[in-house]
Amino acid sequence: MIRVILPFHLQTLAGCEREVTVAVDGAVTVGSVLDALEALYPMLRGTIREHLSLRNRPRIRFFADNKDVTHTAPDTVLPDSVACGEQPLRIVGAVSGG
Amino acid sequence: MTAIRVLVGTRKGAFILTSDAGRKKWAVDGPHFAGWEIYHVKGSPVNPDRIFASQTSSWFGQVIQRSDDGGRTWAQPAPGAAAPGTTGAPSGGDSNLFVFDTSAATGKPLTTHQWYDGTQHPWEFARVWHLEPSLDDADTCYAGVEDAALFRTTNGGASWHELAGLRGHATGPVWAPGAGGMCLHTILLDPTNPRRLFCAISSAGAFRSDDGGQRWKPINRGLHSEYIPDPTAEVGHCVHRIAIHPTRPNTLFMQKHWDVMRSDDGGDSWREISGNLPSDFGFPIAVHAHEPETIYVIPILSDSLHYPPEGKLRVYRSRSGGEDWEALTSGLPQEHCYVNVLRDAMAVDTLDTCGIYFGTTGGQVYVSSDSGDTWEAIVRDLPAVLSVEVQTLP
């Protein structure tokens, strides 16, 4: 199972804990993890990546094994530590605003 | 027993204020959707316990919420989802999907509009500014969005479809955003003619449809805006808000960027009624529930100084349909007040002694239970208020 850590506002939107687990068939990538996450929590569709285009929303960041993978291609395979559940994929709302 | 429910959208959540008909003792419930911008919350006239809310975030995008129990519980509407407030299948997804209709059957090509620097810019969905539930069907609701377009749901918010004739109007490429974005912020439904709708866009102007929203015409004749190249152009006017009285839907009242205006022919022509106002700049405008010629505005000093003249928060009332205005000050701060009142942040109830309500960017929500003669703060320290709607419950 893949561990995913959500930002506060998406936890409240989905009514879930800070950390959730999802199952991914095949390669573990940001894209496939988000597919699984949105299937489990449909209310999150459009909040992390755009509807239809599936482009990441501009103020969302992804960290895998403490590395920023925001700007890597969504089909880039994530580290084994994330794939085996040792480390989470962290979804973070960018620090901005006042 | 009659009750009043005030639906308040703020920068940091929604609040629901309730009272009996006396409007003296209020219960405050919230924040709902804490930390999210709630642009608008509005109940269905058909089923007052059905309430739609626009929840937005620069980080996480647009979310539509719906309550079917008067705001106690909420869920994102979805076909076959568990009813709000119950356990079951998770809801949401498509209810947040606002896609401009470019289909051959009903849509218009996604063209461009004018950007701040005069270049052309593609239409991009940003958020829902205004929700207008149908007058006769609790599953139907209209949504005014940024970039300016009109959407409609007929399944309780589970999915939304653009009425593309508006965005596709021939003048679309010269529409331009105001300081707050190019938003469709006002939707008025004619209670005597279900095929007639009005809308207003900052800063394109006012529009009317006489065929249920398929085709639209600009209705800006008589408006004069010094800040655009042609002050009397067909479009380009920064209309801030329009209001009607349900018994006289051909009479429209408008607060424009500057000027308070009136039309008595369904928007075909307008005349200025600013009269003796200390400033004719402002955002909201409202009509008394039982007196179609009694209207309310809240003057703001200027478009450069978004606060009340002289630091005095004054509602102005005209009992003659404009021109002659009186300041209503009792109970409102008359010194050191520098808040703003936004376009969707004033509403009226329908009790015999009509109540007037407005919210400020300083977080106060004021009520007058005597048509504006005296005012009290229901709450003083909410986040900046974006919208105020009122339900008069049986």
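1. Let us start with a word you will need: a residue is buried if 20 or more other C-beta atoms lie within 10 Å of its own, exposed if 12 or fewer, and partly exposed in between, with C-beta atoms placed from the backbone. Helices (H or I, at least four residues) and strands (E, at least two) are DSSP runs, numbered from the N terminus.

2. Please keep in mind that this is a predicted model, in which local features need pLDDT of at least 70, side-chain atom pairs count only at pLDDT 80 or more, and totals for chains, interfaces and linings use all residues. Residues are numbered from 1 along each chain as its sequence is written, while chains are lettered from A and ligands numbered from 1 in the order in which they are written.

3. Now have a look at strand β22 (residues 295–300) of chain B. Six of its six residues are buried, so the rest of the structure largely encloses this strand. Ile295(B), Val297(B) and Pro299(B) are buried on one side, and Tyr296(B), Ile298(B) and Ile300(B) are buried on the other, which leaves both faces of β22(B) covered.

4. What are the partners of this strand? Two strands pair if DSSP finds at least two bridges between them. Strand β21 (residues 281–287) of chain B is antiparallel to β22(B), with five bridges, and Ile285(B) has Val297(B) as its bridge partner. Strand β23 (residues 315–318) of chain B also runs antiparallel to β22(B), joined by three bridges; here Tyr316(B) is the residue opposite Val297(B).

5. Six bridges link strand β17 (residues 239–245) and strand β18 (residues 248–256) of chain B in the antiparallel sense, and the two form a hairpin with two residues between them.

6. Chain A comes next. Three helices and five strands make up its list of elements, in the order β-α-β-α-β-β-α-β from the N terminus. Its radius of gyration (taken over C-alpha atoms) is 12 Å, close to the 13 Å of the globule rule for 98 residues, so chain A is as compact as a globular protein of that length. That rule is 2.2 Å times the number of residues to the power 0.38. Of the 98 residues, 35% count as buried.

7. Which residues of helix α2 (residues 30–40) of chain A are buried? They are Val30(A), Val33(A), Leu34(A), Ala36(A) and Leu37(A). Seen down the helix axis, these fall within an arc of 160°, so they line one face of α2(A); the arc is that of the directions from the helix axis to the C-beta atoms. Their cover includes β1 (2–5), β2 (19–22), β3 (60–64) and β5 (89–93) of chain A.

8. Finally, where do the chains meet? Two residues are in contact if their C-beta atoms, placed from the backbone, lie within 7 Å. By that rule, 15 residues of chain A are in contact with 16 residues of chain B. Helix α1 (residues 8–14) of chain A gives the most to chain A's side, with three residues.
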